[in-house]
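Me: I'd like to go through this one by asking where each label comes from. Can we start once the structure is up?

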Amino acid sequence: MQTKNSSSILSMLVSLIISFVIVLAFFYGLDHFVMSIQGLPLSLNLSPAG
Amino acid sequence: MNERSLSNRPAQSSILKHWHHFIWIVVATLLLSTGLIQAAEDADTLSRISPVGIVQVEGEPAIEKRVVATMKVETAEPIVAPKPSRSDYPDIGVSSRAVVWILAQLHLFFAALVLAVPLFVLTIELLGVYTGDERYDSMAYEFMKISLTGFSITAIFGGSLALALFVLYPDFMGYMMHVFGAQVLVYAILFFLESFFLYTYYYGWNAFRYGNLKWVHLSLGLMLNASGLTIMVVANSWATFMMAPSGVNEVGAVVGNIWEIMKGPLWNPINLHRFIANIAFGGAVVGAYAAFKFLSTNDQEKRAHYDWMGYTSNFIAILAFLPLPFAGYWLMAEIYAYSQQMGITAMGGILAWLFIVQAVLIGTILLAGNFYLWAGMSRTDGSDRYKGLIKFIAAVLVVCFLIWVTPHTLILSASEISLLGGSHHHILGPLGIMPAKNIAVNLMLVATFLSFQLYRRSDKVATVSWAPMGNALMVAIYVVAIVNIIFLGVYYGYFTNTVYKVGSSVAQVASTLVVIIAGIIIDTLMFKHAKTLPSHWGRIPDRAQYALFALPIAFTWLMGLMGYVRSSVKTHWHVYTVMKDNSPDNFIPTIAYAGNMITIVTVLFLLCVLFMFWVANLSSTRQAKPAAADAGGVV
């Protein structure tokens, strides 16, 4: 029973970590895209480029 | 049950069904393509329009004049915009502006209502056809019934407004008639069309109820909406021509065709903003009707019906309200792009204070809408899973609301400035500028959507195997979007230059929209074959209904307020930079005066709405036949 609980917690944690990685990458790209189409490019660390 | 009832729809041949769909698609495509083709044809020839008259922002390149058009004007001896003197405006003993203000605003309130209601009535009716649930059909019919008187009231105020304008502002109206010409007659024809489709749609409801005739009825509803929306965009072109004239030269002579006159830079932003706002407003008004009916009966069946009706109305109002700030943002951006002076008058001058009042009203709407959803969770037993989150959502809403209403510049005496150490408070100062408010607005919208999502989930249990992954993804989207909205506002708003500050607000909007769209998609897929928990319509505290009363009052006040701001940015011009207003009222009044006027109009509108509800009830009331001894005839 305890093993089953630990396994489900681990699975939930993995799901969360994967989700956060995907979503972070998406929003990072979104910020670059939305700013660049307005003629406001960003550098890799999201500071104004140029 | 009629043998051609909705439940027998599967018996119809699939070819026939496809044929219906085909007709709908063709009609919708034709309606849409008319506008799109025209827009596409002109897209390459239309450069951004600047004010045609004397307003020229310092440092900006000189406004180019259309030489060919001017030459045409010289040869044709065009009629230029009149320059009326003070004596050309009739004096009727009271402020002409006040008279027109009240009539125009009342006309617009009712026009918004009667344009919006058929839009969602048609959607609900269509939902009824696809689900086979006749309750949708009955509710759609009831929505139409309560708004029917509104069509007549709209026409009465519209006619009164036209007469008042012709009597009180004859030169201005003469010029407008000259500019728009036969387009005004098209407007009149559209009225006939709308009336035809309205009456056939409403009175044919029960005659065209099932089978093929239902599709005839839906088509009538589609045409009612098409004619209503066309009326709106035609009328919008008059208002936007006054704000940002196009198709005329610097002296007001017509140099373009009617399409060039209509298609000014503010036309589509206003069209979109009014379209969305009307739906939110219409939903709020009919929600108040449902709340009133809910509170005035003890019959459990009726309470369940009006609870459902109130919920649907609130759903429509809040869902339409969520994208509204973005449409407003686009409108203001276009106003700034057209004329910086006009934009600064709106958001940096005397009218800027009204945006603080606007924040209070929008905050009221969001708090009332959220409160109604939280109270509505008591309808289902499954809501206990989410009730713990309500206090956090409430905290976010209240904190953001307080930030939004924080003014940047305080009205202070010399001693107060001395005590404060400057004209801006060290905490309130930074919170009073747009980056802080942009964060607040976006977070309030995200929080409101979360309330919606929790409400929608409260009577369901997901059965798909990937539900934990779906939930994890949704949590990640919320957390990252909120962090991103705050990061964009703080970093670009306070630590980079102004251009990035403005640009980052678009990325904030995109983040909010991602939350909303992702939430809808994930929930639709995740709860497709979900286990449904029992839901008890009518099991909601009475106090929740007062939130439904608060919504239309705040919406009405808000529309009156922002309509006044939109109109006032023209300052002392009838038609901006082209025709000056020389009437005794050619100034922006004090905030107190404007506030009183808006309040008067709001109260008048609400009284008219009460009359509308009363009439709707009257039609279903039948007097009991008097006893034989009393029935002595009419004295």
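Reply: Contact here is when the C-beta atoms of two residues, placed from the backbone, lie within 7 Å. Bear in mind that this is a predicted model, where local features need pLDDT of at least 70, side-chain atom pairs count only at pLDDT 80 or more, and totals for chains, interfaces and linings use all residues. Residues are numbered from 1 along each chain as its sequence is written, while chains are lettered from A and ligands numbered from 1 in the order in which they are written.

Me: What makes Ala510(B) partly exposed?

Reply: Ala510(B) has 19 other C-beta atoms within 10 Å. Buried takes 20 or more within that distance, exposed means 12 or fewer, and partly exposed is in between, so with 19 Ala510(B) is partly exposed. Ala510(B) is found in helix α19 of chain B; a helix is a DSSP run of H or I, at least four residues, numbered from the N terminus.

Me: Which helix of chain B gives the most to the side that touches chain A?

Reply: The contact takes 19 residues from chain B and 15 residues from chain A. On the chain B side, α18 (467–494) and α19 (498–526) each supply at least two residues, and α18(B) gives the most, with 10 residues.

Me: Why are α9(B) and α11(B) called roughly antiparallel?

Reply: Helix α9 (residues 267–295) and helix α11 (residues 324–338) of chain B pack at an angle of about 155°, with their axes 9 Å apart. Angles under 35 degrees count as roughly parallel, over 145 as roughly antiparallel, 65 to 115 as roughly perpendicular and the rest as oblique. The angle of about 155° is over 145, so α9(B) is roughly antiparallel to α11(B). Among the residues making this contact are Pro269(B) and Ile270(B) of α9(B), and Trp330(B) and Glu334(B) of α11(B).

Me: How do you know that the span of α9(B) agrees with what a helix should give?

Reply: The expected span is 1.5 Å times one less than the number of residues. For the 29 residues of α9(B) that should be 42 Å, and the end C-alpha atoms are 42 Å apart, so the two agree.

Me: And what makes α9(B) mostly covered?

Reply: The count does: 23 of the 29 residues of α9(B) are buried. For chain B as a whole, buried residues make up 39% of the 635 residues.

Methods. Axes are lines fitted to C-alpha atoms, for helices over the stretch in contact, and angles run from 0 to 180 degrees between N-to-C directions.
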